[in-house]
Amino acid sequence: MVVNVIYDKLDNEQKEDFTRLIIDKYGSVDELAKILDLGIEMLFYLEEDTFERREVQRVVSALRGISTFLRRQD
């Protein structure tokens, strides 16, 4: 799972920050994983009226949050 790969590359302080970010934004790692899995599915089947706009926005938001967090760590 992508979240585990990212998490394994962080130091302890970064891990705490990342965990806090996930819990604050998504409630749990499992919930974030579900959103990201849905995003993968969307990329394969994204056509007009396949997914609700709000579902796509949640996935984009999750990806943006991870991307933003990782950029801050550089």
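The protein chain exposes about 5,600 Å² (Shrake-Rupley method, 1.4 Å probe), and carbon and sulfur atoms supply 48% of that area. This is a predicted model, where local features need pLDDT of at least 70, side-chain atom pairs count only at pLDDT 80 or more, and totals for chains, interfaces and linings use all residues. Residues are numbered from 1 along each chain as its sequence is written, and side-chain values use heavy atoms, with hydrogens and water left out.

**Overall layout**
- You will find 4 helices and 0 strands here, in the order α-α-α-α along the sequence (DSSP runs, H or I of at least four residues for helices, E of at least two for strands, numbered from the N terminus).
- Of the 74 residues, 27% are buried (under 20% relative accessible area; exposed is over 50% and partly exposed in between, with a 1.4 Å probe and protein chains only).
- Among contacts (heavy atoms within 4.5 Å) with a separation of 6 or more, 51% join residues 24 or more positions apart.

**The core**
- The largest nonpolar core has 15 residues, and Phe18, Leu32, Ala62 and Ile66 touch the most other members (such a core is a set of buried Ala, Val, Leu, Ile, Met, Phe, Trp, Tyr and Cys residues joined through side-chain atoms within 4.5 Å).
- At least two residues of this core come from each of helix H2 (12-26), helix H3 (29-45) and helix H4 (53-73).
- Beyond its neighbours within four places in sequence, Ile66 contacts Ile6, Phe18, Leu32 and Leu36.

**Around Tyr45**
- Tyr45 belongs to helix H3 and counts as partly exposed because its relative accessibility is 47%.
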